[in-house]
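I opened my notebook today with one thing in mind: how the parts of this protein meet. Here is what I looked up, in order.

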Amino acid sequence: MNTEKKIFDISPVRYREGKLYLLDQTRLPGEEVYIEIKTKEDMWDAIYKLKVRGAPAIGVAAAYGLYVEASRYSGTSVIEFTDYVEESADYLETARPTAVNLAWALRRMKQKLKEAGIATVQEGRDLLLEEAQAIHDEDVKACRSMGEYGLSLLEPEMGILTHCNAGTIATARYGTCLAPIYLGQERGYNFRVFADETRPLLQGARLTSWELDKAGVDVTLICDNMAASVMKKGWVDAVVVGCDRMAANGDGANKIGTSAVAILAKEYGIPFYMYVPTSTIDMETLSGEDIEIELRKGEEIYRMWYEKPMAPAGIKTYNPSFDVTDHKYITAVITEKGIVRPPYDINLKKIMEKK
Ligand code: MRU
């Protein structure tokens, strides 16, 4: 375990002196390398390949990515510039379908431009940068606030299980469901965290255990199929997870395997908390059945982490990147505006309307 305390100092998206950098999360935990994003194609590739990942971080990165692309437009026509920005946004949106923050952030950027009635291309660029920075700053604040609300549900010395990575590097800063763990760490709560490895892409092993360990949190890595075992032993007092898109009825899409953890938590009487900034709540999607689930290549299951293929050649695979946790398994939804309890169809609407 790392005893050095270094909390909250890792940001996956950095905009510095006109240049955009992303922490390449595919190289963690071995190497901490920032890559520069110069075009919309660079950004699309980074999102698709999960160099930047986690719903809020994808939204923040895409917003800056759109600004970077807008800066490449060399003409002077405001109409052409606006079309160029719209087409670039539509292209970026195709990189991954499930996390609503991508579409949400790009829609905000387009809207800003449309509503402003700009007189020059430069004015348009300035507005886009301003909006990207606003999306970034708002996410930092939202995560901080979710951390405080989330901590109010936890007690010192608790055992907490988490799935995938909804930490600092999945957001602008602090994380969603890991934010209360960091705050608790600062305040001496001594949590014991169990991180599911999260097959097939190992976000729990490569990212969650890395960032918690770096912060000096007591973290134990387990395989996904060990969650029931640690729950049965009484080592888990709460489950905390993030979300990629929550429908209006409270069904929440998150990393594949999340719904199995929720069902287990119910069986063992453990509260299951989903951390969902309002940017991840999609009131236009009525239930989880309407959420598009990203399907990825089978080689992530049988090839990617092995020296040689761990399945017969040509094997058929099914590799959905997310699953939907039915709202009936979610004890509470933690947003930056407060904690939402069932009935979600009524209370999510209320929280979305809250100023
Ligand atoms: O495929 P990923 O790594 O982008 O999936 C990430 C998750 O499922 C996270 O739990 C979710 O995006 C919330 S991040 C605060």
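I began with the contacts, keeping in mind that this is a predicted model. I found 34 residues of domain 1 in contact with 42 residues of domain 2.

Next I checked where the domains run. The chain is split into domain 1, residues 3–143, and domain 2, residues 155–353. I then looked up the distance between their C-alpha centres, which is 24 Å.

How much area do domain 1 and domain 2 bury between them? I noted about 3,500 Å², with 58% of it on carbon and sulfur atoms.

On to the charged pairs. I looked for salt bridges across the interface of domain 1 and domain 2, and the rule finds two. I also looked at the side chains of Glu294 and Arg96, which meet in a salt bridge with an N to O distance of 2.8 Å.

For polar contacts across the interface of domain 1 and domain 2, I wrote down 16 residue pairs, both residues of each at pLDDT 80 or more.

Which helices supply at least two residues each to the side of domain 1 that touches domain 2? I listed α2 (55–70), α4 (100–116) and α5 (121–151). The largest share of that side comes from α5, with five residues.

My last entry is on residue classes. The side of domain 1 that touches domain 2 has 20 nonpolar residues, along with seven polar and seven charged ones.

How values were computed. Residues numbered from 1 in each chain as written. Predicted model: local features only at pLDDT ≥ 70, side-chain atom pairs only at ≥ 80, totals over all residues. Heavy atoms only, no water. Domains from an automatic or database assignment. Contact = heavy atoms within 4.5 Å. Buried area = accessible area lost by both parts, 1.4 Å probe. Salt bridge = Lys/Arg side-chain N within 4 Å of Asp/Glu carboxyl O. Polar contact = N/O pair within 3.5 Å; in protein donor to acceptor, adjacent residues only side chain to side chain. Helix = DSSP H or I, 4+ residues; strand = E, 2+ residues; numbered from the N terminus. Nonpolar A, V, L, I, M, F, W, Y, C, P; charged D, E, K, R; others polar.
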